[in-house]
Amino acid sequence: MANGPTRSTKVTSSHWGAFEVEVEGDRIVATYPFAADPNPSHIPDILAAAVHHPRRVTRPSVRRGWLEKRERNGRGSDSFVALPWDEALDIAAAEIDRIRRDHGNEAIFGGSYGWGSAGRFHHAQSQVHRFLNSIGGYVASFGSYSTGCAQSIMPHVFGINFLELLYEHQDGWQTIHDHTETLVMFGGINPKNSQVSMGGITEHETAGWFERFATKGMRRINIGPQRGDAPEGCEWVAVRPASDTALMLAIAYVLESDGLTDRAFLDRYTTGFARFRPYLMGDADGQPKSPEWAEALCGVSSETIRALARRMATTRTLITVAWSLQRGEHGEQPYWMSAVLAAMLGQIGLPGGGVGYGYGAIGGVGKSLIGMRGMTFPQLTNPVKKVIPVARIGDMLRHPGEDYDFNGKREPYPDIRLIYWAGGNPYHHHQDLNALHEAWQRPDTVIVNEPWWTATAKRADIVFPATTPYEREDIGRSNLDDYLFHMPQLIPPVGEARDDYEIFADLAGRLGTRETFTEGRSASAWIAQLYSEFKNLADAQDINVPSLEELRALNWVRLPIQAEGPSRTLFAPFRDDPESAPLGTPSGRIEIFSETIAGFGYDDCPGHPVWLPPSEWLGTADMATPLHLVSPQPGDKLHSQLECALADREGARPATILIHPDDADPRGIRTHDLVRVFNARGACRARALVTHEIRPNVVALPTGAWYGDPSDNIDPHGNPNVLTKDVGTSRLGQGCSAHTALVNVIRMNV
Ligand SMILES: Nc1nc2c(c(=O)[nH]1)N[C@H]1C(S)=C(S)[C@@H](COP(=O)(O)OP(=O)(O)OC[C@H]3O[C@@H](n4cnc5c(=O)[nH]c(N)nc54)[C@H](O)[C@@H]3O)O[C@H]1N2
Ligand SMILES: Nc1nc2c(c(=O)[nH]1)N[C@H]1C(S)=C(S)[C@@H](COP(=O)(O)OP(=O)(O)OC[C@H]3O[C@@H](n4cnc5c(=O)[nH]c(N)nc54)[C@H](O)[C@@H]3O)O[C@H]1N2
Ligand SMILES: [Mo]
């Protein structure tokens, strides 16, 4: 037997966790779970096939119509010409230079939203931002698709940056376990989503905690359109999508009419209840927000609502709200109302009581760890001050120079001539992709760094092949995780792929800013620099961290940063002493009525929480579009990543849509049937799964299938974003409204 290439196995880290990678010669051949992970994710099963997939971008490529005639309208249909690196870099640098000279840096959009990959140094978004800053700046974006709306509204309510609240202050799982008697989960606490956490998650704990909650006898109530949004064994209240605010108002109404409101709490810790109460009780508009009123809107019986309200008022209750609730039109309202409801219950600041956000959305929420800083690749400063709300990119491209409102400000959209994207996939993440495809033809030039021929890469003029994390050295570390990884380079770059850092250093060189961008460092010198800054900060906190050489040899270590003693309780210091630890709101208290928001004069987000139905939901359903589409995150991968290899699996595409038997039967649809999902914005194929696990009149099609060729008029793979609505949550939040969409479904003749 001939000697084959040697095999070796090392651990690496990713957004979905740590795993072992087995390499033979230049190829990844297998992956295995990380031994210390109690509940490892299966996402890496597909990794070897994806990394070596024929849909890798292997050479710098320029779209033919753009190369030959600077044509803008072939994006998505044109062929590409592969060029040597130097030639492609020369062309890209000359074009960037032309745009900034002729139109100024305000004509460059570099928001470049997206999750890219884990790894502290090769973080594509930081890389592109630093590069663009070095050459004079770019139009940036604010917030995320995940929580953009909450990031705008919640500081008005609690006076704290929403991400800080989430990651540094919320009750830990241990606190919840020890104290919560009733866990009321709006939108669930989703087992499939907690597989993932930004920057890494090593011990997947959520499932284990839910087993312990069950053993303790905690009541766990999932309020949402799908049973599977919470771990098995939870009660299920099958609410209509987008109606949670009505349900919360009705619970509040029961508290108020049954004398269960905690008046002392409202008096001491909140402001504005007197302005809100007339609306709640119907004195202001003639409509009491009673359980009977809510039943007609949310499809939950008035008896269930009353019983829930009484249970919540008489037990230690934690209300949790999934991020999905604010990813829809008027997403500000359930978020604000959840805070008001928790305030009326009077348990905010008590362990295991009050309200919390995004448990389960990513696996790191609920871990109580000592915070550590460092290892962030500095981005320099951006001389351009224009920032758009992240999900308004379609509007920005369609309406240059036109005014838009955002959180109290009114500004014109910039006139974008060049888009640079690295580490994100707007043809995955944006709503109404057919409309984006039209708007995307406007800029002069689109440049994308990508490892794979995604739908976005195919719609670029210049595509630079980027390495994946397995093709370069990095450090893995997340503030929501207690492990530290050396991520070794496992295989050589696939094809001619280069690191984003190298691509930007070479572009900066051509634009006269190499020194500013690199500060004379190679990638490994940067890693050493960032690591030593991190180690110095850790030393100052008395946290023992190995040297970089030691970490290289060890591959990974568990850091001694588990918080000691009882785990965290949100707003405990404020509850203890609201005078000396006031909130950062104008009143120093929880704002049930906000003068600031009222002062904006927005009818789509007035001065206190209100029931505002979205433009599309079951309340507006008609014969043409009778079903509400929810488009959750995919359970088998992260967004659109690794999709090329998943799509190769037998029967995997088009994607699976969940539909209730009451909706499937009259349409003659059975499990495994091919269906057409459609509305006025677009259509896609999907594969039906007929199930009682979803509420009637609601269908669920996960995100992540790659957007196909729009000339077919039907997306072949099942991308829900051909159906979703591209509209801001309101003038206040301007977040993504992915969960706002009505559709119809029919069986396809095959
Ligand atoms: N309908 C609907 N739409 C949604 C949502 C929804 O719930 N419903 N959710 C939204 C949410 S919350 C989010 S966060 C977004 C996610 O949207 P994105 O974050 O844009 O999606 P990803 O597929 O993670 O895109 C990351 C891209 O970076 C590439 N990449 C990976 N590593 C590197 C690297 O080192 N360098 C470079 N240059 N590229 C790299 C990957 O191949 C991939 O194409 O989607 C949003 N869209
Ligand atoms: N495996 C995996 N995990 C992931 C990701 C991934 O791509 N793959 N992405 C990560 C990212 S970037 C994010 S932001 C988080 C997102 O975390 P979430 O925002 O919590 O997740 P979603 O999957 O969008 O939605 C969860 C569920 O909310 C329900 N829902 C939708 N609309 C409503 C509503 O109006 N009311 C109620 N009560 N329920 C509603 C739907 O049934 C849906 O299944 O997930 C993260 N985790
Ligand atoms: Mo997200």
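The side chains of R410 and D405 meet in a salt bridge, at 2.9 Å from N to O. A salt bridge here is a side-chain nitrogen of Lys or Arg within 4 Å of a carboxyl oxygen of Asp or Glu. R410 is exposed, with a relative accessible area of 56%. D405 counts as buried, at 12% relative accessibility. Buried means under 20% relative accessible area, exposed means over 50%, and partly exposed lies in between (1.4 Å probe, protein chains only). Elsewhere, salt bridges that share partners join E95, R98, D102, D415, R417 and D444 into one network.

The model is predicted: local features need pLDDT of at least 70, side-chain atom pairs count only at pLDDT 80 or more, and totals for chains, interfaces and linings use all residues. Residues are numbered from 1 along each chain as its sequence is written, chains are lettered from A and ligands numbered from 1 in the order in which they are written, and side-chain values use heavy atoms, with hydrogens and water left out.

The structure holds 52 salt bridges. Among them is the pair E519 and R130, whose closest N and O atoms are 2.8 Å apart. This pair links distant parts of the chain, 389 residues apart. E519 lies in the loop between α20 (514–518) and α21 (523–540), and R130 lies in helix α4 (residues 124–134). Helices (H or I, at least four residues) and strands (E, at least two) are DSSP runs, numbered from the N terminus. E519 is partly exposed, with a relative accessible area of 39%. R130 is buried, at 0% relative accessibility.

E579 forms a salt bridge with R268, and here the closest N and O atoms are 3.5 Å apart. E579 is exposed, with a relative accessible area of 57%. R268 is partly exposed, at 37%.

Helix packing was examined next. Two packed helices are described by the angle between their axes and the distance between the axes. Helix α9 (residues 244–257) packs with helix α14 (residues 332–345) at an angle of about 20 degrees, and their axes are 9 Å apart. α9 is therefore roughly parallel to α14. Angles under 35 degrees count as roughly parallel, over 145 as roughly antiparallel, 65 to 115 as roughly perpendicular and the rest as oblique. Axes are lines fitted to C-alpha atoms, for helices over the stretch in contact, and angles run from 0 to 180 degrees between N-to-C directions. From α9, the contact draws on D244, T245, M248, L249, I251, A252, L255 and E256. From α14, Q333, P334, M337, S338, L341, M344 and L345 take part. Contact means heavy atoms within 4.5 Å. By class, the contact of α9 with α14 has 10 nonpolar, three polar and two charged residues. Ala, Val, Leu, Ile, Met, Phe, Trp, Tyr, Cys and Pro count as nonpolar, Asp, Glu, Lys and Arg as charged, and the others, Gly among them, as polar.

Helix α19 (residues 500–510) is mostly covered, with eight of its 11 residues buried. These are D500, Y501, I503, F504, A505, D506, L507 and A508. G512 follows α19 and has a positive phi, near 80 degrees.

T656 is placed in strand β25 (residues 656–659). T656 is partly exposed, with a relative accessible area of 35%. Not counting residues up to four places away in sequence, T656 touches R687, L689, A700, L701 and P702. T656 and V300 are 356 residues apart in sequence and 27 Å apart in space, C-alpha to C-alpha.
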